[in-house]
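Reader: I am new to structural models and would like to understand the words used for them. Could you take me through this one slowly, term by term?

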Amino acid sequence: MTDQDPQDELNTKHRFSDFLYWNLVLSVPVVTAVFGIGVRSGWALVAYILLVVVCLVLILRHFCTHCPHYHAGERTVRCLFFWGMPKFFRSESGPLTGKDKLITVTATAVLVLFPFNWLVDNIGMLVIYVLAWIVFALSIRRHECGRCVYSGCPFNATKVER
């Protein structure tokens, strides 16, 4: 038996169950936002859904294309958040550029902050929304960032010698 913690090993390949788990965790703030926006405005809900699609495409293009999981030889993406999606963009070698980081951070901030206007009048929904994002961020940091193979990610926290 070994003393090595499985959390210390690099996660070189994701499983479909990883994808399901993390997308279920993410569904809590997203569903909260959809309900909070949809109750107040159908048009705003349509705008939010379109915004989510645009932001995810930007994140896929400017962040994910640098990741080793995107570079894997398969024709589709096999990662925590995108599973089975065709690789629409060419893989990018090298670290993220300043532009890639700016677009990724901006797209993520827009996704998180957009619903606030519709949730602010319902304190219960707002609390659930904020807590769900905090739980997501802390969980991904704790369970994934410490064993990530994506050395170019600004959040990578691996302790494993490469």
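Author: Let us begin with the elements: helices (H or I, at least four residues) and strands (E, at least two) are DSSP runs, numbered from the N terminus. This is a predicted model, in which local features need pLDDT of at least 70 and side-chain atom pairs count only at pLDDT 80 or more, while totals for chains, interfaces and linings use all residues. Residues are numbered from 1 along each chain as its sequence is written, and side-chain values use heavy atoms, with hydrogens and water left out.

Reader: Which elements does the protein have, and in what order do they run from the N terminus?

Author: The protein has six helices and two strands, and from the N terminus on they follow the order α-α-α-β-β-α-α-α. Thr65 sits in the loop between helix 2 (42-62) and helix 3 (68-71).

Reader: What makes Thr65 count as buried or exposed?

Author: Buried means under 20% relative accessible area, exposed over 50%, and partly exposed in between, with a 1.4 Å probe and protein chains only. Thr65 has 0% relative accessibility and therefore counts as buried. Leaving aside neighbours within four places in sequence, Thr65 is in contact (heavy atoms within 4.5 Å) with residues including Leu60, Tyr70 and Phe89.

Reader: Why is Val120 placed in the class it has?

Author: Val120, which is found in the loop between helix 5 and helix 6, has a relative accessible area of 49%, so it is called partly exposed. Its C-alpha lies 9.2 Å from that of Gly36, although Val120 and Gly36 are 84 residues apart in sequence.

Reader: And why is Leu111 put in its class?

Author: Leu111 belongs to helix 4, and because its relative accessibility is 12%, Leu111 counts as buried. Not counting residues up to four places away in sequence, Leu111 touches Tyr48, Leu51, Val52, Cys55, Leu56, Ile59 and Tyr129.

Reader: What is the reach of helix 2, and which of its residues are buried?

Author: Helix 2, with 21 residues, reaches 30 Å from its first C-alpha to its last, close to the 30 Å expected. Its buried residues are Ala44, Leu45, Tyr48, Cys55, Ile59, Leu60 and His62.

Reader: What makes a space a pocket?

Author: On a 1 Å grid over the protein atoms alone, a pocket is an open set of points with protein on both sides within 12 Å along at least five of seven lines, and lining residues have an atom within 4 Å of a point. The largest pocket is lined by 45 residues, of which Ile59, Phe63, Phe81, Thr108 and Phe136 lie nearest its centre. Helix 1, helix 2, helix 3, helix 4 and helix 6 are the elements that give two or more residues to that lining.

Reader: How many residues of the lining of the largest pocket are nonpolar, polar and charged?

Author: Ala, Val, Leu, Ile, Met, Phe, Trp, Tyr, Cys and Pro count as nonpolar, Asp, Glu, Lys and Arg as charged, and the others, Gly among them, as polar. By that division, the lining has 33 nonpolar, eight polar and four charged residues.

Conventions:
1 Å grid on protein atoms, 1.4 Å probe; cavity = no way out; pocket = protein on both sides within 12 Å on 5 of 7 lines; lining within 4 Å. Expected span 1.5 Å × (residues − 1).
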